[in-house]
Amino acid sequence: MAEDKSKRDSIGLNAKEGQTNNGFVQNEDILETDLDPSSPVVGPQHNTVDILGPGEPDVKDVRPYAGMPKEVLFQFSGQACYRIPREVLFWLTVASVLVLIAATIAIIAISPKCLDWWQAGPMYQIYPRSFRDSNKDGDGDLKGIQDKLDYITTLNIKTVWITSFYKSSLKDFRHGVEDFREIDPIFGTMKDFENLVAAIHDKGLKLIIDFIPNHTSDKHAWFQWSRNRTGKYTDYYIWHDCNHENGTTIPPNNWLSVYGNSSWHFDEVRKQCYFHQFMKEQPDLNFRNPDVQEEIKEIIQFWLSKGVDGFSFDALPFLLEAKHLRDEAQVNKTQIPDMVTHYSQLHHDFTTTQVGMHDIVRSFRQTMNQYSREPGRYRFMGTEAHGESITKTMVYYGLPFIQEADFPFNSYLSKLDKPSGNSVSEVITSWMENMPEGKWPNWMTGGPDSVRLTSRLGEKYVNIMNMLVFTLPGTPITYYGEEIGMRNILAANLNETYDAGTLFSKSPMQWDNSSNAGFSEGNHTWLPTSSDYHTVNVDVQKTQPRSALKLYQELSLLHANELLLGRGWFCYLGNYNHSIMYTRELDGINRIFLMVLNFGESSVLNLKEMISNIPTRVRIRLSTNSAYGGREVDTHAVTLASGEGLILEYNTRNLLHRQTAFKERCFVSNQACYSRVLNILYSLC
């Protein structure tokens, strides 16, 4: 019955002028219908296609239809009108893919190396005991830093740098570490640190911490085992026989401590002298012992596994001492040897920067590289080498094919004790001229061991110094409080042992004009706040359009958004009447930033005489006097008040670094050019 019904349906379709679609016939056999010849023909007769017949089907008069079987489909697909467009589309697709691959390879090949996170924005250095107290005990702590991360982000900071927080007996500003794997209870717990790391990363920031591998506290377990000659720890420190009679020690040689007097101290337990380059509570580790190097490597790995993004290694020149223990030469050879007690009275040829010291530093870098393999997780390495000559400092950059520090911290601006265009000019040119090709510079205006900027140079030079570091090439580094112009405190009463010479720059951060400057809600603070905190604080300055904080934020925003400042050439034009001038420019961008910073008395400069192709009128992009922003000045006579700085902007196709007269005074770390058409940077300039 079903077969008869199917047959009748097919016949019915034919009778109604529809063509049979054999693709839908369930029976693969072709239905043969013998219509009654006497039946009337309702419409025109249609052909049916026999797809299973012995011969090839004739498709000349048949058009494609939905549901046609594959044999019919193959017949149509082979026709030129279908085959040729299909092949054209196929080869066009192949060609397009190849072009895209080639373009991608070309763009990658010509693209300059992207700036890493430690190059892309400023660093903010925090002395944790003085930043923010979260538990009312008068001491800043890790939770306090976490509470103020939102403020740090308003400064457009990229990297938070926290100075030493390890468990310590508080000798020499926490540098006498008792345990490198523990947080000092003053600052909180390891859980607090882990929470801080997570919060910093959640804000899109990076974290670097201090590490001083040269010495430990005399309370460190290693030292206690060493003085008792316990196992491998026997030679973890530098011990030597010495004469000790009636309370008087005759040291092995004339080597002196940084803080004065002999660098050898007699130990009653071991009955030998141990060596200390700093305080006697800070014995030097013996880095000629491979076990010591392995211990330090494991400590680096410990903190990297905690999520730390990099280290600032301090006191590296002191890692090794000469084996022979010969006396060091006196600066004044006529001085009586017994009267030589100050560090500056000797040439320290046998106790600093010894052969092999840089090999140890490079081993630190190799350890950190093991944690730098993930994309975006490069681990930064900076070195502090206070007191080194510029030539010795540059060695910390490494060799052309041997990586060492990403940069040695440039603290030379922190040592300027009076405003002077000549001094600033010398710092800039000496660094840029001596820096190895392709390396990245950095600039610091202050630090925990320096007199604060306002106290050194004066309040009116705070803005111009911040403008300087944000417009020079490289990474600007700000010590907490310098963005609002904090000054040194005048006096401090402290029961702990500190280097008083650097104590006054560590006063509590001034957040508002409430009690304790908003640093602590406790009854006391570990150091007194500065007497000017009622007017010099974050809350007051964030509402003042001409405050130091407002200018700092504008400078950091300009630095973040302008390719000229991030990637451009630096051309130093000179120092005129204590006004230093330099430009920032980039191939492909027909604009120039011209910085004019006056470190002397009020003066009038004729820029037309110095730059021949400068327009008659140029725009002030930013000024230390915010009232001038957006105005134009006549380049024949630019008036600058004492301590005033201008960022001028003008259009030109004749960039200075291409001109013969300026070529020798122009520098770039990673050369790049800008394509306005593609909106990309490329390196084949």
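The following paragraphs walk through the chain as a whole and then through several local features of its predicted model.

In this predicted model, local features need pLDDT of at least 70 and side-chain atom pairs count only at pLDDT 80 or more, whereas totals for chains, interfaces and linings use all residues. Residues are numbered from 1 along each chain as its sequence is written, and side-chain values use heavy atoms, with hydrogens and water left out.

The chain has 19 helices and 28 strands; helices (H or I, at least four residues) and strands (E, at least two) are DSSP runs numbered from the N terminus. Of its 685 residues, 52% are buried, where buried means under 20% relative accessible area, exposed means over 50%, and partly exposed lies in between (1.4 Å probe, protein chains only).

The whole structure holds 48 aromatic pairs. Rings of Phe, Tyr and Trp (its six-membered ring) pair if their centres lie within 6.5 Å; planes under 30 degrees apart count as stacked, over 60 as edge-to-face and the rest as tilted. Phe165 and Trp303 form an edge-to-face pair, because their planes stand at 75° with the ring centres 5.6 Å apart. Phe165 lies in the loop between strand 2 (159-162) and strand 3 (166-168), while Trp303 belongs to helix 9 (residues 290-305), so the pair ties together parts 138 residues apart in sequence. Phe165 is buried, at 0% relative accessibility, and Trp303 is buried with a relative accessible area of 0%. Trp303 also forms an edge-to-face pair with Phe302, at 5.1 Å centre to centre and 90° between the planes. Phe302 is partly exposed, at 21% relative accessibility.

Charged side chains meet rings as well. Lys415 lies over the face of Tyr412, 5.0 Å from the ring centre, and Arg452 lies over the face of Tyr480 at 4.7 Å. A charge sits over a ring if NZ of Lys or CZ of Arg is within 6 Å of the ring centre and within 35 degrees of the ring normal.

Helix 12 (residues 421-434) has 14 residues and reaches 20 Å from its first C-alpha to its last, close to the 20 Å expected at 1.5 Å a residue; the expected span is 1.5 Å times one less than the number of residues. Its buried residues include Val424, Ile428 and Trp431. At the N-terminal end, Ser420 caps helix 12, with a side-chain oxygen 3.3 Å from the backbone nitrogen of Asn422.

Two loop residues complete the picture. Thr352 sits between strand 11 (310-313) and helix 10 (357-369) and is buried, with a relative accessible area of 14%. A polar atom of the Thr352 side chain lies 2.8 Å from the backbone oxygen of His348. Leaving aside neighbours within four places in sequence, Thr352 is in contact with Pro317, Phe318, Leu320 and Tyr343. Asn516 lies in the loop between helix 15 (500-503) and helix 16 (538-541) and counts as buried at 16% relative accessibility. With neighbours within four places in sequence left aside, Asn516 is in contact with Gly522, Thr525, Thr529 and Tyr533.

Terms used
Polar contact = N/O pair within 3.5 Å; in protein donor to acceptor, adjacent residues only side chain to side chain. Contact = heavy atoms within 4.5 Å.
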